[in-house]
Structure formats: structure tokens, C-alpha cells
Amino acid sequence: MFVVISILFLGIGVGYLFRKISLLQHIGQPIQYTICILLFLLGISVGGNPEIVDNLGVLGTQAVLISVASTLGSVVMAWAVYRYFFKEKEEKE
């Protein structure tokens, strides 16, 4: 995982250094197609793995619980940050 994150940050640095090159300004569309192809290939890999397919119900339930908990936690923390930092203080009478 450390390698993947390091590669990501290296790419951010390279992109920042070469941001004025016009070729890099038009790279968004090919990247989108590449990501779609990679997701399709990942789906083929998952569909071909009998261990994952056999446990899809359990894995799906866990994925839903994790995503709901993450979203709920993000909403609660965003609300708390808004209330604490951005909401105008009501004047006490």
C-alpha cells in the first residue's frame, strides 16, 4: 500500500512540475477510458474467482455497512465542524 501511495504522490509532483505543458491539459479523457478498462478487467478477475463469488453475499453486506458507517460519520463530522467553526454565534440576550 505504501508503494501505491508513494507512486500517487510522485505523480502529483510530476504533474505539478509539468502543469504548463499543453499535452497534459488534454489527458483527462484518455485517463477516463483507461480507468474504465481497468475496472472492467478487475470485474473479470473478481468474476473468475470462485472464492469471492461464493462469498459475495457476506462481502456485499460488509461493504454496505462500511459505506453507510463512513458516510454517516462524514456527515456528522461535517455538521459538527460547520456548527463549531462556521455558524455565526447567536447573541445572548
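This briefing walks through the fold, surface and aromatic contacts of the protein chain above. The model is predicted, so local features need pLDDT of at least 70, side-chain atom pairs count only at pLDDT 80 or more, and totals for chains, interfaces and linings use all residues. Residues are numbered from 1 along each chain as its sequence is written, and side-chain values use heavy atoms, with hydrogens and water left out.

**Overall fold**

- The protein chain has five helices and zero strands, where helices (H or I, at least four residues) and strands (E, at least two) are DSSP runs numbered from the N terminus.
- Its radius of gyration is 21 Å, well over the 12 Å that the globule rule gives for 93 residues, so the protein chain is more spread out than a compact globule.
- That radius is taken over C-alpha atoms, and the globule rule is 2.2 Å times the number of residues to the power 0.38.
- The C-alpha trace spans about 65 × 50 × 25 Å along its principal axes.

**Surface and charge**

- Of the 93 residues, 0% count as buried; buried means under 20% relative accessible area, exposed over 50%, and partly exposed in between (1.4 Å probe, protein chains only).

**Around Tyr16**

- Tyr16 belongs to helix 1 (residues 2-17) and counts as exposed because its relative accessibility is 52%.
- The charged end of Arg19 sits over the Tyr16 ring, 4.0 Å from its centre; the rule asks for NZ of Lys or CZ of Arg within 6 Å of the ring centre and within 35 degrees of the ring normal.
- Tyr16 and Val53 are 37 residues apart along the chain, and their C-alpha atoms are separated by 41 Å.

- Rings of Phe, Tyr and Trp (its six-membered ring) pair if their centres lie within 6.5 Å; planes under 30 degrees apart count as stacked, over 60 as edge-to-face and the rest as tilted.
- The count is one aromatic pair: Tyr84 and Phe85 are edge-to-face, 4.7 Å centre to centre with 90 degrees between the planes.
- Both Tyr84 and Phe85 are exposed.
- Gln32 lies in helix 3 (residues 28-47) and is partly exposed because its relative accessibility is 46%.
- The C-alpha atoms of Gln32 and Tyr84 are separated by 38 Å.
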